[in-house]
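Work through the following exercises with the sequence and the model side by side, and try each task before reading its solution.

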Amino acid sequence: MKKLNCAFKTVQKVFELNIEQAIEKLSEQSLDEYYEGAEFLGKIGQGDALSIAFLKVMPWVGEYYGDGSIKKIVDFTYQKICRTPNKASVEPFLSGLVAVVEHTESTQLDEYLALIEYHLSKTTFSVHGIHDTHPSPSLEAMLANMSLLLEQLEFEGIYEWIDYGLRYFQDHPERQKDYFSLTTADSKAVFQRQRKGLLFSDVEREINLFQRALWKTNFMYAPYSPDFEKLEHFHPYLEDDIIRLPDIYEKFGEVNACRRYMALVAHLIAHYQFTTKIVADNASPQQRFFAEIFEDARVEYLAIQEYPGLKKLWLSLIPIVDEFDCDDSNQSCLRHRGIMLTRALLDDKHPYKNEFILIYVEKFKALMATGESSTADSLNLGLGYLIKTRGNSDALANVYFDNTEVSYRDDNRSMWLFIEEFDEEDEIFAHEQRTDEEDEEDIEVIPPHYYDEWDYMYESYKPNWTAVYERLHSHTDASKIDRILDKHSALVKQLKKVLDLLKPQNKKRIRYQEEGAELDLDIALRSVIDMKNGTQPDTRINVDFEHDSRSVSVLLLLDLSQSLNEVVGKSGQTILELSQEAVSLLGWAVEQLGDNFAIAGFNSDTREKVMYYHIKGYSEHWDDAVKSRLADLKAEFSTRMGAAIRHGAHYLEMQESDKKLMLILTDGEPADIDIHDPQALIQDTHKAVQEVQQKGLYPYCISLDKKADEYISDIFGSHYSVIDRIESLPQELPKLFLSLTK
């Protein structure tokens, strides 16, 4: 072992601690590079920190990347970092190479160095444009997150993430630093889009169709990200009609990511269909653990009876472990027993010979064969199995975890009722008596939906840029709407005459039916002739009838921004009050027609809070509950219309109608307080309109803005009407609707 030619005593000390490791790991050539690199970095006037960091990490780096790699790193460090204003970044660059080794291939060193050089070249800048005079404001921030970047993204994805940050924040050092620190919403959103795997947003439509086809349910989705929420052990669940699930999945064995989402959603809805809550307070965690295994198997067994194909899908995601993998002499085998039982309950060809597994599988099958089972039965089976298999080793801290998790199953919150927090009777009533006076913080606990926003300057989307919060609109006295209808009784009579003409009156004849109301003589005679000629006759010899009904779904989307509080003319009424009258008449008219109809409102307070208010759902009738919400409309904040249109389209698209109409009632152009370019939201709304048209929807705007001609055609093309006399809105809106849905 030769001595290191370096004057720093601190470096010599670190060298002595690491040289044996270096000799063991490095080839002769790499060892020479190790010596030369440490000596060189100690002589370039940067103190001892660079050599110390270099000596600590290079034995592993040089071993992994091979001969020549250490010299390549030293040359890069000196030429690309030390000789620029970024000298302070050399130590984190060198120290971070250990994480780079963990997440790259041994042939990817050049690719990594090129990535760092690219970032440096784009973010190191000069005030006067002659020489680099200021360091990169974001290099150290990016290096601090390099382990996560390389773990989750391919190099191509990292470049995309960098380019987005440069596009918007190249001239804003502080915002650039925040972006590359992965702390801002847009940084996280772009990162998510580039991650390895399948984003849920890319298959949401397919999964929603799968949900509707199997169970005829329409649960909403709220994806979560384990990387940023630190929820590595977080499990999916269904609660309050919202399915929480991972925002991205990778392939699992031979099962692709889309089928993994299908398995997850099918399992959650099976619980929704078949699980009833039981009290959990008297059950220990171990008892609940095995009860949940039996309940998971029970609901899946019931679902498989209806859809047998689910069995193969679920079994493909349940691990098979060796029966003797766990040594109960020194570790807890609780989870090992659990995963074997999980597999055996659904798999008739399971490999296990354990006596108690076989006994309880037979008990489970006997229960299911009766055709009557409950969640309480799962608890009884779980308790019995635990009693029969419990051992002293179950309490050991060293728990067997390998391959014991079923990734598509939820946390079983739908199974348990915890009553200990409501022991006092007063507390129970306090919990139930929730009113409309809840704080905003309480209301917004439901996770938002995120939507892209179009950036016309760069002709690209800002991913997950707007957060849309849903809320059932507050309510008041429904009689206010009845008084409005009485006020316009003459108009109601006129509308009724028009509605009578639009209602389906005729029967539609349907020929070529196997079974029907009447015999179709033409087809019957033809079939007789075919039989006599020795040919196969057509058996569809009946005719049936159905009403020639309208097939229309409508979403009325109301702008509820602050400007609706403006008083119109001499009437003393605000635009909001006139809108209430118009929507009341329209709601009554549509109820008479029987069309599938929903009403929603929206406003916004920056991109981080777009509110979407449900006023009438598609499944609701025009009753006092709907009227009471409509009577309590309030106008506040701004008009971020593109996000509201995208979210409204999410619901309208689900409807099963031949024609799907989205009516947008607004009094002004799209705007928000965090947007200074008036064209930004106009162009984004135009893009949102194009998106919904591509989905087969028909957006149509009714504008109350006298200046609308300056911008409205840029958004809606020819699909708009401008009502100059706002006072005539109650008369014009129902008539316009009827003309659009003829």
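**Exercise 1. A residue in a loop**

In which loop is the place of Leu182? State also whether Leu182 is buried or exposed, and compare your findings with those for Asp241.

*Solution.* Before starting, note that this is a predicted model, in which local features need pLDDT of at least 70 and side-chain atom pairs count only at pLDDT 80 or more, while totals for chains, interfaces and linings use all residues. Residues are numbered from 1 along each chain as its sequence is written, and side-chain values use heavy atoms, with hydrogens and water left out.

Step 1. Leu182 sits in the loop between helix H11 (173-180) and helix H12 (185-194), where helices (H or I, at least four residues) and strands (E, at least two) are DSSP runs numbered from the N terminus.

Step 2. Most residues other than glycine have a negative phi. Leu182, however, has a positive phi, near 60 degrees.

Step 3. Buried means under 20% relative accessible area, exposed over 50%, and partly exposed in between (1.4 Å probe, protein chains only). Leu182 has a relative accessibility of 7%, so it counts as buried.

Step 4. Asp241 also has a positive phi, near 65 degrees, and it is found in the loop between strand S3 (237-239) and strand S4 (242-246). With 46% relative accessibility, Asp241 counts as partly exposed.

**Exercise 2. The cysteines**

*Solution.* Step 1. A disulfide is a covalent bond between the sulfur atoms of two cysteines, and the test applied here is a pair of cysteine sulfur atoms within 2.5 Å.

Step 1. The structure holds 1 disulfide, and this bond joins Cys326 to Cys333, with an S to S distance of 1.9 Å.

Step 2. The torsion about the S-S bond of Cys326 and Cys333 is about -90 degrees, and therefore the disulfide is left-handed.

Step 3. Both partners are buried, since Cys326 has a relative accessibility of 12% and Cys333 has a relative accessible area of 7%.

Step 4. For Cys6, the closest cysteine sulfur is that of Cys82, and because the two sulfurs are 14 Å apart, they are too far from each other for a bond.

**Exercise 3. The largest cavity**

How many cavities of 30 Å³ or more does the structure hold, and which residues are closest to the centre of the largest cavity?

*Solution.* Step 1. On a 1 Å grid over the protein atoms alone, a cavity is a set of points where a 1.4 Å probe fits but cannot get out, and lining residues have an atom within 4 Å of a point. Grid points are joined across faces, edges and corners, and a volume is the space filled by probe spheres set on the points.

Step 1. The structure holds 4 cavities of 30 Å³ or more, and the largest cavity has about 70 Å³ of space. It is lined by 13 residues, of which Leu558, Asp559, Leu564, Ser579 and Leu665 are the closest to its centre.

Step 2. Strand S13 (552-559), helix H26 (575-593) and strand S16 (659-666) each supply at least two residues of this lining, and H26 gives the most, with 4 residues.

How values were computed:
1 Å grid on protein atoms, 1.4 Å probe; cavity = no way out; pocket = protein on both sides within 12 Å on 5 of 7 lines; lining within 4 Å.
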